[in-house]
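Here are a few notes to read alongside the model, for anyone opening it for the first time. Have the structure up on screen and follow the points in order.

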Amino acid sequence: MEKPNQTSPLVGFVLLGLSAHPKLEKMFFVLILLMYLVILLGNGVLILVTILDSRLHTPMYFFLENLSFLDICYTTSSVPLILDSFLTPQKTISFSACAVQMFLSFSMAGTECVLLSMMAFDRYVAICNPLRYPIVMSKAVYVPMAAGSWAIGGVASLVHTSLVIQLPFCGANIINHFTCEILAVLKLACADISISVISMEVTNVIFLGVPVLFISVSYVFIIATILRIPSSEGKKKAFSTCSAHLTVVIIFYGTLFFMYGKPKSKDSQGADKEDLADKLIPLFYGVVIPMLNPIIYSLRNNDVKAAVRNLVSQKCFRR
């Protein structure tokens with residue numbers, strides 16, 4: 001039996017997905033397909049109501065509109081590939097398509113980290129400095145803030161993707177994942193990956209540590225301001241304006257920290273379970289969270305619920 005050529009470059013990869021767990025594939029196919037449809041519907045409705053309802057033309061809902069559009073883009077860059085992997089025993093993907101998918105997923109994740117911190121700043125100004133809010137969060141400010149979030153995520157992803165695609169890949173071409181997850185791809189490189197690993201660690205600090213610190217400090221001031229409000233009704237109203245964002249932040253960053261900070265198992269039986277967990281946790285992060293975002297913002301926000309009801313009543317009246 002001939003050995004694989006260790007010097008010839010690879011032209012594509014094989015995505016394993018859940019091929020080692022065939023009994024789970026059909027169940028996950030139906031489950032993820034339903035969740036993807038909910039993501040498209042829920043985030044699409046949020047974008048629609050924030051555009052059509054003039055009462056939602058504020059910085060907070062502009063950021064929410066960006067978050068919904070980001071979730072649609074992020075899931076669309078990976079979910080069709082995941083669904084296809086459940087139907088195909090061995091899903092192959094070209095090197096260039098893998099690079100594009102890797103760039104898009106990393107870019108969207110980085111953008112969301114920055115965008116959530118921008119939304120925290122918006123809530124800080126709205127609650128702690130309400131009189132200055134129209135000046136501080138003017139259109140000339142919040143539009144560049146959102147654009148900057150997209151730019152920072154895109155530039156960071158471009159740097160990491162460029163570092164990965166310049167590495168030589170030879171021999172093994174099997175990615176033990178649903179998609180071209182950057183860490184899974186790095187494991188296949190037949191060269192020193194220390195620069196990529198170090199840059200990833202630095203990026204994790206920038207996109208995880210810095211935003212979490214910024215959001216935490218913002219909410220310390222927000223909570224302190226809310227506690228000084230004399231009436232219980234005033235406290236409830238103030239907290240309701242930021243509770244949805246805080247819930248999304250906890251779920252989003254909690255999943256990321258668990259995904260990148262959990263210890264590795266040393267025994268073979270634990271390694272098998274860990275291997276499955278390493279696939280399902282990013283799946284939760286990449287599909288469940290974008291599905292929960294519009295649900296959280298809809299259920300916990302009276303303005304959004306009123307806008308949706310108004311939109312539905314207008315459609316029914318026209319019929």
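1. A word on terms before we start: a helix here is a DSSP run of H or I with at least four residues, and helices are numbered from the N terminus. Keep in mind, too, that this is a predicted model. With that settled, take residues 205–227: the span is 100% helix and 0% strand, and its end C-alpha atoms lie 31 Å apart.

2. Where does that span come from? Residues 205–227 are one of the stretches that the UniProt annotation "transmembrane region" covers, in an unreviewed entry.

3. Now for a helix pair. Two packed helices are described by the angle between their axes and the distance between the axes. Helix H2 (residues 59–76) packs with helix H4 (residues 95–128) at about 165°, and their axes are 10 Å apart. Angles over 145 degrees count as roughly antiparallel, so that is the label for H2 and H4. The crossing of H2 past H4 is left-handed.

4. Who touches whom in this pair? On the H2 side, the contact includes Phe63, Leu67, Leu70 and Tyr74; on the H4 side, Met108, Leu115, Met118 and Arg123 are among the residues met. By type, the residues of the contact of H2 with H4 split into 13 nonpolar, three polar and four charged.

5. Have a look at Asn66, which sits in helix H2 and is one of the residues meeting H4. Is it buried or exposed? Asn66 has 13% relative accessibility, so it counts as buried. Setting aside neighbours within four places in sequence, Asn66 contacts Leu115, Ala146 and Trp150.

6. Val220 and Tyr124 are 96 residues apart in sequence, yet 9.4 Å apart in space, C-alpha to C-alpha.

7. Last stop: Ile281, in helix H10 (residues 268–299). With a relative accessible area of 12%, Ile281 is buried. What is its spacing from Thr255? Ile281 and Thr255 are separated by 26 residues in sequence and by 7.5 Å in space, C-alpha to C-alpha.

Terms used. Residues are numbered from 1 along each chain as its sequence is written. This is a predicted model: local features need pLDDT of at least 70, side-chain atom pairs count only at pLDDT 80 or more; totals for chains, interfaces and linings use all residues. Side-chain values use heavy atoms; hydrogens and water are left out. Axes are lines fitted to C-alpha atoms, for helices over the stretch in contact, and angles run from 0 to 180 degrees between N-to-C directions. Helices (H or I, at least four residues) and strands (E, at least two) are DSSP runs, numbered from the N terminus. Angles under 35 degrees count as roughly parallel, over 145 as roughly antiparallel, 65 to 115 as roughly perpendicular and the rest as oblique. A crossing is left-handed if the near helix is turned anticlockwise from the far one by less than a right angle, and right-handed if clockwise. Contact means heavy atoms within 4.5 Å. Ala, Val, Leu, Ile, Met, Phe, Trp, Tyr, Cys and Pro count as nonpolar, Asp, Glu, Lys and Arg as charged, and the others, Gly among them, as polar. UniProt positions are given in the numbering used here, feature names are shortened, and annotations may be inferred rather than shown by experiment. Buried means under 20% relative accessible area, exposed over 50%, partly exposed in between (1.4 Å probe, protein chains only).
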